[in-house]
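Hello,

Here is the structure we talked about, followed by notes on what was found in it. Please read the notes with the model open beside them.

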Amino acid sequence: MTLDTLKWKKTDFYKGLKWLITLRAIFGIVLLSSGFISRITQAPSISMMAFGLVFFISLLILLFSLVYALVLPRIKKGNVFAYFQIVIDSLLITLIIFATGGPDSFFHFLYLLVIMYSSLLLGRKAAVFVAGLSSLEYSVLTVVEAFGIIGFLGPEFNYYKSFAGVLYKILSTVSACFLMSFLGSLLADQAKKAKKELEAMGLHLKRVEKLAFAGEMAAGLAHEIKNPLAALSGSVQILKDEISECSDNYRLIQIILRETDRLNNLVTNFLSLSSQKSGDVKLVNVGDIIEDVIGCFRKDDKTRDIEFKINSFPECRIMIDPNQLSQVIWNLVQNAADAIVTEDSDGRIEVSCSQTADKRVMLMVKDNGSGMSSEDLTSVFTPFYTTKPAGNGLGLCIVHRILENYDARIDITSREDSGTEFRIFFKK
């Protein structure tokens, strides 16, 4: 079994097609069984010819189900395969309706089932396509029966074959088909949104677990390092004053002090990660904080060539410590700027805040930088994981820890060479 086959079998689309094939086979068995029961009990509504056609259709359904099951693991274009099944199912349902009374058949509802599973598997376009195809097939079948072009295989049904009767049958069935396509599309959209929400929540919980472990380590380790580090830095400063600037030892001391400062900054960030708590919480206008942070950021020479775009709405107010919100925005904008600078190209950073449909406030930071690989996306919030030459891998961890205190969630989407987008959802 190839790697592509293994990946294909793990997809939700494959599992959906597998369930569809199974249910189709069950329906074929039920249809075949019901036909035999009708003949045994000598039901007047089923003639011998109609029974033979139902028997043949049932065997076709079972045969197609077997072929689908054998072909499914080997296909490469799942959408084409699904559309093929949908068309065949629609034709078979039309045959079933033909064999069991035409316009008076009980099996009209099968059209609606095909439309429903089409919308769940393939979306709105497929649902409308199947609704149109089913409506066309049923309309043709009803018209040719009304004009006596074909006859049905059972006894005479109580169906008034007037123009009004034919039109009523067609319009009612067509309306039901397209109404089901609309409802199925809505259901499919809601299911996709719910799935994305669950996936985002799952990622959020995994990040929280990682940061909780890192926080436990940081609480003890950082304190143990910070005190001797301060003593070391102070001692070297004293030695520095006693050595000539022309001496080789002076340059060595400069290196020691520089690296000591770097270690001190690292430990400070690590302590911030472990002890981050809600600060002076107040009602804050997110747009004002964005303006202040971007205003300061534009003064940096490294970001002078970056185009900043700000979109904010006055109703975007949340309860948060403004200093911590500034730290969150600064870190995300800094991350975006680093991704752009490494590309050495004209960069754009968009920062916006808006209200979502469920009245939450969404803060977005988007750039057109180098983007991230799928591996980077899964590890971006892991402490000390960084792709920057001078980074320490704690900036986004601190952002996540701050947001955790306010019951906020951060999502990220990114593609290599296409930029990155961070979205933060604050509670109502």
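**Around S418**

Apart from its neighbours within four places in sequence, S418 touches D367, G369 and S370, where contact means heavy atoms within 4.5 Å. S418 sits in the loop between β6 and β7 (419-426). With a relative accessible area of 46%, S418 is partly exposed; buried means under 20% relative accessible area, exposed over 50%, and partly exposed in between (1.4 Å probe, protein chains only). The C-alpha atoms of S418 and G371 are 5.6 Å apart in space, while the two residues are 47 apart in sequence.

**What the model is**

This is a predicted model, in which local features need pLDDT of at least 70 and side-chain atom pairs count only at pLDDT 80 or more, while totals for chains, interfaces and linings use all residues. Residues are numbered from 1 along each chain as its sequence is written, and side-chain values use heavy atoms, with hydrogens and water left out.

**The chain as a whole**

The chain has twelve helices and seven strands. Helices (H or I, at least four residues) and strands (E, at least two) are DSSP runs, numbered from the N terminus. Of its 428 residues, 43% count as buried. The chain exposes about 24,300 Å², and carbon and sulfur atoms supply 62% of that area; accessible areas come from the Shrake-Rupley method with a 1.4 Å probe, and for residues only the protein chains shown count as cover. Among contacts in the chain with a separation of 6 or more, 73% are between residues 24 or more positions apart.

**Salt bridges**

Side chains of opposite charge can pair when their charged atoms come close. A salt bridge here is a side-chain nitrogen of Lys or Arg within 4 Å of a carboxyl oxygen of Asp or Glu, and by this rule there are four salt bridges. Three of them are described below.

- R24 and D89 form a salt bridge, with their closest N and O atoms 2.7 Å apart. R24 is in helix α2 (residues 12-40) and D89 in helix α4, so the pair ties together parts that are 65 residues apart in sequence. R24 is buried at 7% relative accessibility, and D89 is buried at 9%.
- R409 and D411 meet through their side chains in a salt bridge of 2.7 Å, N to O. Both R409 and D411 are buried.
- R423 and E421 form a salt bridge of 3.2 Å, N to O. R423 counts as buried at 18% relative accessibility, and E421 counts as buried at 17%.

**Helices α4 and α5**

How do α4 and α5 pack, and at what angle? Helix α4 (residues 78-99) and helix α5 (residues 109-122) pack at about 175 degrees, with their axes 10 Å apart. Axes are lines fitted to C-alpha atoms, for helices over the stretch in contact, and angles run from 0 to 180 degrees between N-to-C directions. That makes α4 roughly antiparallel to α5 (angles under 35 degrees count as roughly parallel, over 145 as roughly antiparallel, 65 to 115 as roughly perpendicular and the rest as oblique). On the α4 side the contact includes N79, Y83, I86 and D89, and on the α5 side it includes L110, Y111, V114 and Y117. D89 is also the residue that forms the salt bridge with R24.

**Helix α3**

I61 is in helix α3 and is buried, at 4% relative accessibility. Leaving out residues up to four places away in sequence, I61 touches R24, F27, G28, L31, L92 and I96.

L63, L66, V67, L70 and V71 make a nonpolar surface patch of about 430 Å². Patches are made of residues with over 30% relative accessible area and no salt bridge; like charges are joined within 9 Å, and nonpolar side chains (Val, Leu, Ile, Met, Phe, Trp, Tyr) within 5 Å.

**Two single residues**

D407 has a phi near 55 degrees, a positive value in a residue other than glycine. Most residues other than glycine have a negative phi. D407 is in the loop between α12 (395-405) and β6 (409-415) and is exposed, with a relative accessible area of 55%.

A191 is in helix α7 (residues 163-241) and is partly exposed at 43% relative accessibility. The C-alpha atoms of A191 and L120 are 8.4 Å apart, and the two residues are 71 apart along the chain.

Regards
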